[in-house]
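Biologist: I would like to learn how to read strands and aromatic rings in a model like this one. Could you take me through it slowly?

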Amino acid sequence: MPDVQIAIIDQQNTEVTVAVPGIQGPTGSTGATGATGAVGPTGSTGATGATGATGATGATGTVSAAGGITFPATQVASADANTLDDYEEGTFTPSYRADTTDPTVGYGSINRGKYTRIGRIVHVQILIQSTAISVTGSGDLSVGDLPFSPQVDSFGGYGAFSIGLNTAFNLATGERLGAIIDGGDGKLRIIAQNDDTASFTTLAAGALSSISGGAYLLLSGSYLVA
């Protein structure tokens, strides 16, 4: 605001002009905000950097499984000699069998077998508890109902068994009981070995006639499966 000019007459009747500052008016209200400007265009995306080289695979270490390793219920066979493709544990019920006519045998409560299969090898522990023989049957005697069929070849699947206990069969002097897988049919045969003559014979079903009351045959061994 411009200064105001005021004329004043002093005592000598002289006119004196005095400039008096003008009074400032109130501040005006703020003007409205202007419109927002338009958004500028998006810049272009930069080029993707090159992928780094893949590092070398480290050497395979030992497999560690806190909860065990599970194999499928049905084997997935592998032709690779270094691949373990089967493992199984279980029980089975062994029985006396004969080639021509099976014997009729009563079995006790602890008649049982246990097995562990690792790849093509089957390890078995067998306890046959016979309580009565009503029919001895005919033909060569064998232990039947194994968990897996043995391999049939000239070596009988390389199966040999040891006898830990025998109260079922009477043997002649110089004989001892054994068991092998028959290479011709894969059956687990019970044999009488004669150490004096370095020979053996396969027990026939008639040998069961010596059993009266409770009798036990305990054997264990391993064999190959096909």
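**Reading strands and rings**

Modeller: Strand S11 and strand S12 (residues 199–202) run antiparallel and are joined by 4 bridges. This is a predicted model, in which local features need pLDDT of at least 70 and side-chain atom pairs count only at pLDDT 80 or more, while totals for chains, interfaces and linings use all residues. Residues are numbered from 1 along each chain as its sequence is written, and side-chain values use heavy atoms, with hydrogens and water left out.

Biologist: How many helices and strands are there in the protein chain?

Modeller: Helices (H or I, at least four residues) and strands (E, at least two) are DSSP runs, numbered from the N terminus. The protein chain has 0 helices and 13 strands.

Biologist: Which residue in S11 is the bridge partner of Ser142, and in what sense do S10 and S11 pair?

Modeller: Two strands pair if DSSP finds at least two bridges between them. Strand S8 (residues 141–144) pairs with S11 in the antiparallel sense over 2 bridges, and the partner of Ser142 in S11 is Arg189. S10 and S11 also pair in the antiparallel sense, over 7 bridges, with Leu188 of S11 as the bridge partner of Ile181. On the S12 side, Ile191 has Thr202 as its bridge partner.

Biologist: Which residues take a positive phi in the hairpins of S10 and S11 and of S11 and S12?

Modeller: The hairpin of S10 and S11 has 6 residues between the strands, and Gly186 in the turn has a positive phi of about 75 degrees. In the hairpin of S11 and S12, with 4 residues between the strands, Ala198 takes a positive phi near 55 degrees.

Biologist: How many of the residues of strand S11 are buried?

Modeller: Buried means under 20% relative accessible area, exposed over 50%, and partly exposed in between, with a 1.4 Å probe and protein chains only. Strand S11 (residues 188–194) is mostly covered, with 6 of its 7 residues buried. For the protein chain, buried residues make up 27% of the 226 residues.

Biologist: Now to the rings: what describes a pair of aromatic rings?

Modeller: A pair is described by the distance of the ring centres and the angle of the planes. Rings of Phe, Tyr and Trp (its six-membered ring) pair if their centres lie within 6.5 Å, and planes under 30 degrees apart count as stacked, over 60 as edge-to-face and the rest as tilted. By this rule the count is 3 aromatic pairs. The ring centres of Phe92 and Tyr115 are 6.4 Å apart and their planes stand at 45 degrees, so this pair is tilted. Because Phe92 lies in strand S3 (residues 87–92) and Tyr115 in strand S6 (residues 112–118), the pair ties together parts that are 23 residues apart in sequence. Phe92 counts as buried at 9% relative accessibility, and Tyr115 is buried with a relative accessible area of 9%.

Biologist: Why is the pair of Tyr96 and Phe169 edge-to-face?

Modeller: The planes of Tyr96 and Phe169 are at 85 degrees, with the ring centres 5.9 Å apart, so the pair is edge-to-face. Tyr96 lies in strand S4 (residues 95–98) and Phe169 in the loop between strand S9 (160–166) and strand S10 (175–181), so the pair ties together parts that are 73 residues apart in sequence. Tyr96 and Phe169 are both buried.

Biologist: Which residues form one aromatic cluster?

Modeller: Phe92, Tyr115 and Phe148 form that cluster.
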